[in-house]
Amino acid sequence: MQILFKTSYDQDIDHLPHRAELLRVGLALALAIAAPLLVGSYILSQLGLLMVYAIAGVGLMMLTGFTGQVSFGHAAFLGLGAYAHAILMSKGVPFGLALPCAVAISTVIGAVLGRSASKMHGFYLAIATLVFAVLFETLLGEWEGMTGGYAGMFVPAFELFGLDFGSGWRQYYVDLAFLVVVLLAAANVLRGPTGRAFVAIRDSELSARCLGVDIARTKILSFALSAGITGLAGALLAHHLQYLSPETFSVMESLRLLLMIVVGGLGTLLGPILGATFIMILPLIIRGMRDLLPSAISEQAGLEPLVFGLIIVLFILFEPTGMAGRWTKIRRFIETFPYYRADSFERQKRYVKTERMR
Amino acid sequence: ETRGVTDDTIKIGTVTDLSGPLASWGVAATNGQRMRYEEVNENGGINSRKIDFIVEDMQYQIPMAVQAAAKLMTSDEVFAFVANLGTPPNNAIMKRTLDAGFPYIFPLSAGLSMSEPAYPLKKPYLLNDRDTMRGAVRYFAETKGVKKICYQVMANDYGTEVESGIKMAAETLGLEITAFGRHKPTETEFTAAVLQLRNSGCEALFIGSVSRDATQIYTTVRGAGWDVPVISSLGSLVPPVAENAAMEGFYTAAPFHLIDFEGAKDSAPHVYEWYQDYKARFGANPSAQAVIGYTMADVTVKALEKAGKDLTVDSFIAAFDSIESYNDPFGGPEVSFKGATHYGAQYSVLSQVRDGKWVVVSQSLPF
Amino acid sequence: MTEAMLQVSNLETYYGPIMAICGVSLEVRQGEIVAVLGANGAGKTTLLKTISGALNCRKGDVLLEGKAIQNRDPNWVAAQGLAHVPEGREVFPFLSVRDNLMLGAYRRSDGDTISADLETMYRYFPALKENAGKLAGYLSGGQQQMLAIARGYMSRPRLMVLDEPSLGLSPVLVQSIFHIIRRLNEEEGLTILLVEQNAAVALETSRRAYVMEVGGIVMDGPSAELARSDDIKEFYLGQKETGVRGTRRWKKRKTWR
Amino acid sequence: MSIQDYVNLLVIGLSQGCAYGLVALGFVLIYKATEIVNFSHGEFMMLGAFAAIPLIALFGFWLGIVCALLAMAVVGFLLDALVMRRIIGESQASVFIVTVAFGFIFRALAGMIWGWQPVPFPAYLTGSIEFAGFTLQANRLAVVAVTLVLCGSLFLFFSRSKLGIAMQAISQNQLAAYYMAIPVKRVVSLVWALGAVIAAVAGIFNAPFTQVDTSIGALGLKALAGAIIGGFGSIPGALLGCLLIGVIEPFADLFVPTLKGVSAYVIMLAVLFVRPDGLIAQTFAKKV
Amino acid sequence: MSRLVVENLSIRFGGLLAVEDVSFSVEPGEIFAVIGPNGAGKSTVFNLISRLYEPSGGAIRYGDADLLRYRAHQITGLGVARTFQNIELFENATVLDNLLVGRHHRMRRNLLREMIFPPAQRREEHDARLKVEQVIDLLDLAHLRYERIRDLPYGARKNVEIARALCSEPSLLLLDEPASGLNHEETDDLAFWLEDIRADLGVTLVMVEHDMGLVNRMADRVLALHNGRVLALGSPEEVRGHPAVQEAYLGGVA
Ligand SMILES: Nc1ncnc2c1ncn2[C@@H]1O[C@H](COP(=O)(O)OP(=O)(O)OP(=O)(O)O)[C@@H](O)[C@H]1O
Ligand SMILES: Nc1ncnc2c1ncn2[C@@H]1O[C@H](COP(=O)(O)OP(=O)(O)OP(=O)(O)O)[C@@H](O)[C@H]1O
Ligand SMILES: CC(C)C[C@H](N)C(=O)O
Ligand SMILES: [Mg+2]
Ligand SMILES: [Mg+2]
C-alpha cells in the first residue's frame with residue numbers, strides 16, 4: 001500500500017505528480033520507442049495505425065468526453081484531413097506543408113460546424129453531426145474533379161530526404177511522435193481555463209455562462225480543436241491506407257470512433273489509447289471466436305457484426321466506465337492492497353432526469 | 001526462396017466479402033475456390049506442395065480491405081492474391097499489392113481498372129462492365145427495335161462504368177437517352193426516380209446496381225404499372241433474385257455464363273458430379289459465383305503446375321501467360337491468357353428471370 | 001396508537017466505498033409526528049431515501065407496519081402506503097401542475113375523492129390553483145416545494161416522509177405548512193416522519209425527535225425534552241448568546257463530538 | 001413534366017411522408033417515455049417485417065401480422081428488461097452506442113435467419129385507386145390511414161391517459177416517478193414493447209413497396225431526420241417533419257439530382273440551423 | 001465600488017407579469033435583502049440582472065455600465081457574480097475544479113498558448129490556485145477540496161456555490177436563498193461569512209432570503225416584492241412593520 005501526500009499546488013497542475021505514474025508512463029513510452037526492434041513489420045504497421053486511431057480518439061474525446069457534445073460524424077473530419085492532405089500532396093505540396101494545411105482546413109470546417117452546432121444539444125447535435133458526415137461523404141463522391149469521386153484516389157508517397165516515411169519503422173515513429181505531441185497538448189488544454197470551461201459546459205451550461213464562459217465560443221473552440229486533431233489523424237491515416245474513397249469515411253467509421261472512446265472510457269485521455277487498442281484487436285478476438293465456434297455458426301455470414309454488437313453491449317453493461325475505469329480499479333487494488341474492498345465500486349441505485357432542460 | 005512458398009505449401013490469399021452486401025458473391029466464390037484447392041490437396045498437392053488458402057473478410061468496406069490485404073502481405077506472406085472481390089476494394093488494394101510484387105490474379109470485379117492499365121502481375125478475368133453493357137444495349141436496339149433508352153445507376157465507380165457503356169452504345173447506335181438517374185448504394189426509395197424515367201417515354205431501362213437496389217427498382221417499375229424491359233448489369237445475377245416472384249421478367253447482362261446443373265445430369269455428367277460434390281461440401285447449391293470461383297482457382301492451379309517445382313513469381317507469371325487455350329470444366333467458351341490485354345473471358349451473356357430461375361436469353365453480346 | 005408504523009433497525013447505507021449512515025435505528029409509531037434533525041451531511045436524506053427504497057442498504061431492516069421494505073423498488077414501497085416528499089422538489093418539469101398532482105394519485109382509482117383531495121390541496125396552496133395549467137418547471141422555487149408536498153399528499157399515504165418541507169418557503173408558508181402537517185396528523189391520523197432544518201418549528205410540531213450527526217443517531221427523545229437540552233438550544237435553536245466574531249467559530253464544539 | 005406529374009409527385013410525397021412518419025412515431029414514443037433515442041428502431045422494423053412473412057404463410061394475413069406484432073412486443077420487452085434497464089444513468093454516448101449495437105445484432109441475426117437478399121412481402125392490398133388521372137396504390141393509402149390513426153391515438157394517449165402522463169413523468173424525473181408508485185420498470189419495458197410493435201407495424205406496412213431485406217432499417221435515419229425537424233418528442237411535430245421531407249424529397253431529387261437521397265438531411269440541417277430545437281420545440285431553458 | 005441601479009424593470013412570461021416596474025438601487029458595501037412571498041419575482045429579478053432573461057422594459061446599471069448591453073457571460077467581467085436557488089454546480093467535477101472555473105474570466109485564455117502551457121501559464125495557474133485557496137480557507141472547505149460535487153450533501157453544495165462565486169472576485173454578489181437548507185448553526189456560520197465577505201473583501205451583497213432572522217440581522221436595507229411589484233423598501237424594521245408585508249409574507253411572525 002502506498003500513501004500519496006500532496007506537498008505543493010504544483011502537484012495538482014503537473015500531469016504526472018507521482019513517481020509511480022511517471023514510471024509507468026516512462027515505461028510505456030520506452031516500450032513504444034523500442035517496438036520496431038521487438039515486433040515484425042505487420043504488427044508494427046498495426047501499432048502505427050493504432051496510434052493514428054488513438055489520435056483521432058483524443059480528438060473526439062475533447063468534444064464528446066470533455067465538452068459533452070456527442071458527435072456521430074467524426075469520420076467526416078478524419079476524411080477531411082485525409083483528403084485535404086492527399087490532394088495537397090498530389091498537387092506537389094510537400095508533406096511538411098500539406099499536413100499543417102490539412103489540419104488547418106479541418107480545424108476551420110470544425111469551427112464552422114461548431115458555430116452552427118453551438119445552439120444544439122444532446123442527440124440533436126449527434127444527428128446533426130451524423131447528417132453532416134453523410135453529406136460530406138456525398139460531397140466526396142460527387143466532387144470528382146478533386147477527390148476522384150466514388151472511385152477514390154491514391155495517396156502520394158511520403159518521402160523526405162529521399163527516404164520513405166510512409167511505411168515501416170519511419171512511419172511508425174512519425175505516428176508515435178504525433179500521438180505524444182497530441183496527448184501532451186490535450187492534457188495541457190485540460191489543465192488550463194479552456195479545458196475547465198469544456199468540462200463546465202458539459203455539466204451545466206447555465207452556470208458556466210454566469211461564470212463568464214462564452215458558451216458559443218467555447219463550443220466552437222472545442223469543435224475546432226477536436227476537428228483539428230481528428231484531421232491530423234486523418235492525414236496520417238491516409239498514408240496507412242494509401243488509397244482513399246468516400247466510403248472509408250462512412251457512418252460506420254464514425255461509430256467506430258465513438259465506440260472507441262466509450263469503450264476506452266469517457267472523460268479520460270487514457271481512454272482513446274485503450275479504445276484504439278481495443279478496436280485494433282477486436283477483429284482478432286472475433287476471428288478467434290470464429291475458430292472456437294461450431295462451424296455451423298462460425299461459417300455464417302454476419303458473424304462479425306453480430307459479435308461486434310454483442311461485445312459492445314456486454315462491455316457497456318459490465319464495464320460502463322470503460323477500460324480506463326477498469327484500469328483505475330486495478331490500480332486502486334494495487335495501491336490499497338491489502339485493504340481493497342470489492343464492494344467499494346459497487347454502485348447505488350441510479351435514476352435519470354430529463355436532459356431537455358438546460 | 002520465394003515468399004509464400006515453402007517445400008510443402010503455397011499460400012494463396014483472397015480478400016472478399018463474407019458478411020457484407022456482396023456476401024452472396026463472396027461466400028459462393030470462396031467456396032468454389034476452396035473446393036478446387038481442397039481437391040488439389042486431396043490429390044497430393046501441386047508438385048507436392050499443398051495449398052494453404054487464407055480468406056479475409058472485408059465486408060465490402062475499404063478500410064477493412066486495406067487491413068486485410070496488409071495482413072495477407074506482411075503477416076501471412078502469401079504467394080499470390082486470387083479473386084479479390086468488388087471494384088472499390090480492388091481499386092484500393094491493387095496498387096500496393098502490385099508494387100510489393102504480388103501476383104494479382106483474377107480480381108472478382110468487372111471494373112475497367114481491373115484490366116487497364118495492363119501490368120504483368122495483374123490478371124483480369126471478366127469482361128468489363130462498360131463493354132458488357134454496350135453489348136446489352138446493342139442487343140435490345142437490334143433485336144427489340146428499341147430507340148429510346150434510359151438508365152438508373154449507382155453513384156460509384158461501378159455505376160459510372162455501366163453508365164459510360166450505355167452512353168457509348170447509344171452514341172454509336174444513334175439511340176436517344178431520354179432520362180437517367182443516379183443513386184447512392186444505400187438508397188431504398190425509387191418512386192420519384194422511376195416516375196421520371198417512365199414519363200420520359202423510355203423504351204428500355206438499364207440499371208447499374210447490385211441485387212438489392214435492382215430488386216427495389218424493378219418492383220417499383222412494375223408497381224407503377226410500367227411495362228418496360230429492365231436490364232441490369234452483373235451485380236444482380238445471384239440466385240435469390242431469381243427466386244423472388246416479383247422479379248419475373250428481369251434481365252441481367254453479365255460476363256459469365258450460367259449452368260443448368262440439373263439439366264447437365266445427362267449431357268455433361270462430370271458437371272453434375274461437380275454439382276453434387278459442391279452440395280455435399282457446402283450444403284448449398286452452387287451459384288454462378290461458385291462456378292467462377294472454382295474456375296479462377298482452376299486456372300491458378302494450372303499455372304502453378306506449369307511453373308514447376310522451382311516456383312517463383314516470374315516462373316508463375318511466365319507459366320500463366322503461356323496458357324493459351326483454356327477450357328473451364330463447365331463447358332464455357334475457350335479463353336486465352338496470352339497477349340497484351342490479359343483478358344480472360346471476352347464474352348458476356350444475357351439472362352432473364354423466368355419461373356423463378358435464371359434463363360440464358362443470349363449466349364453472347366457483341367458490342 | 002402504540003403500534004410501530006415504521007421501524008428502522010441498524011441501518012447501514014453506502015455510496016460505493018463511502019459509508020453514509022451507520023447503524024441507525026429509529027421508530028415511528030402509528031399517528032405520530034417524528035422529526036429528524038441534523039447538520040448538513042449528517043445523512044438525513046440518505047436515511048429517508050433508504051427507507052423509501054431509493055437507495056439500497058447494506059445492513060439492517062426497515063419495517064413498515066411489520067413488513068420488511070428495505071431494498072425494494074421505491075414504487076413498491078410507495079404502494080405500501082408510504083409517500084416520500086423529496087429534498088429539492090423533484091417535480092415533473094414538463095407536466096402541468098395539475099398533471100403533477102394527479103400523478104400523486106397514480107395508484108388511486110376513486111375519482112370523486114381524488115378531485116376532492118385536489119380541491120383541498122388547491123385550498124391549502126392557492127398558488128397552485130392559480131398556476132394549475134402551467135408547466136411545473138416554470139414555477140418559482142417555493143411554488144415547486146408546495147407542489148411537491150401537495151403531490152405527496154395526493155397518494156393518501158399512511159406514512160408520509162418529508163425531507164425539508166420548508167425549504168425555500170416564505171415564513172408565512174412555513175407556518176401554514178406545519179399547520180397543515182399538524183392538521184393532517186390530527187384529523188386524518190396521518191403518520192409523519194420529517195427531516196427539517198428549522199428546528200424550532202420541527203420540535204414544536206413533532207412529538208418525538210432524533211438528532212443525527214455524521215451518519216448516526218446521537219440523541220433522541222420527546223421533542224419537548226429535546227428542546228430543553230443545551231446542545232439543541234445552542235446549535236439548533238440558536239438560543240445561546242453568540243460570542244465574538246472570529247473566535248467563536250473555533251470554540252464551537254458539540255458535546256457529543 | 002406536366003402539372004399532372006407534379007401533382008402526382010406531391011401525392012406520392014405525402015404518402016411517403018406518412019410512411020416516414022409511421023417510423024418516426026416509434027422513435028418519439030420511446031423518446032417521450034425514456035429520453036432514449038433508439039437507434040435500432042429501424043432494425044426493429046426490419047425484424048417485424050421479416051417475422052411477419054413466415055407467420056403470414058402459417059396463419060394467414062391478419063392473424064399472421066398479429067402474431068408478428070406480439071413476437072416483436074416480446075423482443076422489445078426483453079430488450080429493456082435485459083439490457084436497457086441496466087444501463088440507466090450511463091452517459092448519453094454510451095446509451096446511443098448500445099442501441100446502435102443492437103442494430104448490428106439484429107441485422108446480423110436477421111441475415112443469418114432469413115438470408116441477405118431482399119424477399120418479397122405478401123401483397124395484401126393490390127389494387128390502386130385512379131383519381132383525377134393519377135394512380136395511387138391502395139397499400140400507400142393504407143400506410144396513410146395507419147399513420148394518421150396511430151398518430152392521433154398516441155397523441156391522445158400521451159396527453160390524456162394516466163399511463164401516458166406517467167410515461168412522460170418517468171422520462172422527466174425517474175426517481176420522483178418511483179415515489180409516485182408508478183411501476184417504472186414495468187412501464188418502461190411496456191414502452192419498449194409498444195415501440196417494437198409500432199416499429200413492426202411500420203415495417204409491415206412499408207414492406208410491400210420496398211421488399212424486405214436486412215438493410216431496410218436505413219429508412220429509420222430519414223424518419224429520425226423528420227422527427228427532429230418537427231421537434232423530437234412532439235408527436236404532431238414528428239408527423240409534420242416527416243411530411244415535409246416526404247414532399248420535398250421527390251422534388252429535390254428532380255431539381256437537384258446531386259442531392260439524390262440526401263435532400264432530407266439538407267432540410268434537416270437547415271431547419272436545425274434556424275431552430276436548434278426543431279419546429280415545435282420540446283426543450284426549454286432551465287428556470288433558476 | 002459601484003452602485004447597482006434598477007429602474008422600472010419589467011418582464012412578462014406569456015400572460016404573466018412576473019416583474020413589473022421594479023426600481024431600487026444598492027449602495028456600494030451594502031447588504032441588501034430581497035424578500036417576498038413565493039412567486040413574487042425575486043429570482044426573476046436576479047435572472048434579469050445576470051442577463052439570463054431579456055427584460056420587456058426598464059434599465060439595469062452597475063456603476064457606469066448599462067448591463068442590458070452585455071450578455072450573460074460578460075456580466076462576471078463587470079464584477080457581478082451570483083448563486084442559484086436550486087444549486088447549479090458542475091456535478092462531475094471536484095470542488096477544486098468548480099472553484100477554478102470561477103476564475104475563468106480572470107485568466108488569460110488562448111487555446112494555442114494553453115496547448116503549449118508555457119511557464120508563465122503555470123505561474124498563472126498557481127496564482128489562480130492561491131486565490132482559490134483563500135476562498136477555501138474563508139469558507140472552511142479544505143476538507144472537501146477533492147470531493148466530487150455529486151457526492152456532497154445539500155448544505156455543502158450551497159457553500160461551494162458561494163465559494164465559486166467568490167472566486168471570480170466580484171464586487172457585487174447576488175445570493176439566491178443562501179440559508180435555505182441550513183440549520184441554525186450553519187446559518188449562523190453563514191452570517192459570519194457574509195459579514196467577512198463584506199468587510200474583508202469589500203463585496204456588496206444582494207440576497208434573496210426567507211430566513212427573516214438572517215435578514216434582520218444582516219441587511220442594511222430590505223426590498224419586499226409581491227406579485228412582481230415593489231411592496232416596500234427600507235430598513236429591516238420599516239419593512240417588517242409594513243402591514244402589507246406582514247400580511248402577504250410574514251403572516252404575523254417576526
Ligand atoms: N451520491 C453520493 N455519493 C457519495 N456520497 C454521498 C452521496 N450523497 C451523499 N453522500 C454523502 O453522504 C453523507 C450524507 O449525505 P446526506 O445527503 O444524506 O446528508 P443530509 O443530512 O441530508 O444533509 P443536508 O442537510 O445538507 O441535506 C454526506 O457526507 C455526503 O457526502
Ligand atoms: N421562465 C419562466 N417562464 C414562465 N414563468 C416564469 C418563468 N420564470 C418565472 N416565472 C414565473 O414568475 C413568477 C416569479 O417567479 P420567481 O422564480 O421569480 O419567484 P421567487 O420570488 O423567486 O419565488 P420563490 O421564493 O418561491 O423562489 C412565478 O409565478 C413563476 O411561475
Ligand atoms: C462483383 C461485382 C458485383 C462487384 C461490383 N462491380 C462492385 O461494385 O464492386
Ligand atoms: Mg438532505
Ligand atoms: Mg426564487
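Predicted model: local features only at pLDDT ≥ 70, side-chain atom pairs only at ≥ 80, totals over all residues.
Residues are numbered from 1 along each chain as its sequence is written, and chains are lettered from A and ligands numbered from 1 in the order in which they are written. Local features need pLDDT of at least 70 and side-chain atom pairs count only at pLDDT 80 or more, while totals for chains, interfaces and linings use all residues, and side-chain values use heavy atoms, with hydrogens and water left out.

Q: How do you know how many residues of chain D are in contact with chain A?
A: Contact means heavy atoms within 4.5 Å, and by that criterion 55 residues of chain D are in contact with 51 residues of chain A.

Q: What is the area buried between chain D and chain A, and what share do carbon and sulfur atoms give?
A: Buried area is the accessible area (1.4 Å probe) that two parts lose on being put together, summed over both; here it is about 5,000 Å², with 76% given by carbon and sulfur atoms. Of the area that chain D buries against chain A, D:I97, D:F104 and D:M112 supply 13%, more than any other three residues.

Q: Which helix gives the largest share of the side of chain D that touches chain A?
A: With helices taken as DSSP runs (H or I, at least four residues) numbered from the N terminus, the largest share, 14 residues, comes from α4(D).

Q: Why is the site of ligand 2 described as shared between chains?
A: A residue is near a molecule if one of its heavy atoms lies within 4 Å of it; 22 residues surround ligand 2, the closest being C:S140, C:G142, D:K287, E:S43 and E:T44. Because the surrounding residues come from chains C, D and E, the site is shared.

Q: What makes the approach of C:S140 to ligand 2 a polar contact?
A: A polar contact is a pair of N or O atoms within 3.5 Å, and a polar side-chain atom of C:S140 lies 2.6 Å from an oxygen atom of ligand 2, so the distance meets the cut-off. A backbone N or O atom of E:G41 lies 2.8 Å from an oxygen atom of the ligand.

How values were computed:
Helix = DSSP H or I, 4+ residues; strand = E, 2+ residues; numbered from the N terminus. Polar contact = N/O pair within 3.5 Å; in protein donor to acceptor, adjacent residues only side chain to side chain.
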